[in-house]
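Please examine the model below. On what grounds are its features given their names?

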Amino acid sequence: MTAGEPSAADDGAWGVEPPASVVRPFLLTAGRIAGGDSLVPPIPIETQVVATELGLATLEAFVFDQHRDIITICRQPQSLAEIAAKLRMHLNVIRVLADDLRADGQLALYAPQAESARDATVLRRVIDGLRAIPDSRGAIRER
């Protein structure tokens with residue numbers, strides 16, 4: 001190893017992302033799809049997910065690394081969209097796996113209230129928050 005090269009302990013220190021999983025999504029979900037049961041709609045992408053004590057206690061017992069990765073990421077609350085992005089997995093695969101882990105008591109899911117999804121003030125706050133982010137020159141957008 002030469003000076004300036006990261007050691008094995010520094011994996012990811014330079015922002016290099018790990019390669020995507022070689023396990024095919026349909027193997028992880030056993031061919032199931034999110035919302036495949038017409039009576040149960042898919043879990044909304046903004047649903048907050050957090051690991052339970054049981055999930056954290058059984059972290060090393062998972063057969064698939066993806067289950068362990070989901071539990072590990074969810075030590076702090078995450079949305080389904082954030083989990084999919086961080087693990088570089090399809091959102092619908094994350095929906096199925098998260099629902100499986102919830103059914104086993106290893107994750108807790110907190111879906112948004114239906115009324116808040118239709119509330120225009122929430123959308124206005126999101127737009128105002130996005131406008132408050134400075135651009136690459138440091139300028140804030142005018143309304």
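The questions that follow concern this predicted model and the terms applied to it.

Q: What makes the contact of R68 and D65 a salt bridge?
A: The side chains of R68 and D65 meet at 2.5 Å, N to O. A salt bridge requires a side-chain nitrogen of Lys or Arg within 4 Å of a carboxyl oxygen of Asp or Glu, so the pair qualifies.

Q: How are R68 and D65 placed in helix 3?
A: They are 3 residues apart in helix 3, which means a separation of about one helical turn.

Q: Why is D99 said to form a salt bridge with R102?
A: The closest N and O atoms of D99 and R102 are 3.0 Å apart. The cut-off is 4 Å, so the term applies. By this rule the count comes to 2 salt bridges.

Q: Why is D99 called partly exposed?
A: Its relative accessible area is 30%. Buried means under 20% and exposed over 50%, so D99 falls in between. R102, at 39%, counts as partly exposed by this rule.

Q: Why are the buried residues of helix 4 placed on the same side?
A: The buried residues are L80, I83, A84 and L87. They cover an arc of only 95° around the axis, and therefore lie on the same side of helix 4. What covers them includes strand 1, helix 3, strand 2 and helix 5.

Terms used:
Residues are numbered from 1 along each chain as its sequence is written. This is a predicted model: local features need pLDDT of at least 70, side-chain atom pairs count only at pLDDT 80 or more; totals for chains, interfaces and linings use all residues. Side-chain values use heavy atoms; hydrogens and water are left out. Buried means under 20% relative accessible area, exposed over 50%, partly exposed in between (1.4 Å probe, protein chains only). Helices (H or I, at least four residues) and strands (E, at least two) are DSSP runs, numbered from the N terminus. The arc is that of the directions from the helix axis to the C-beta atoms. Contact means heavy atoms within 4.5 Å.
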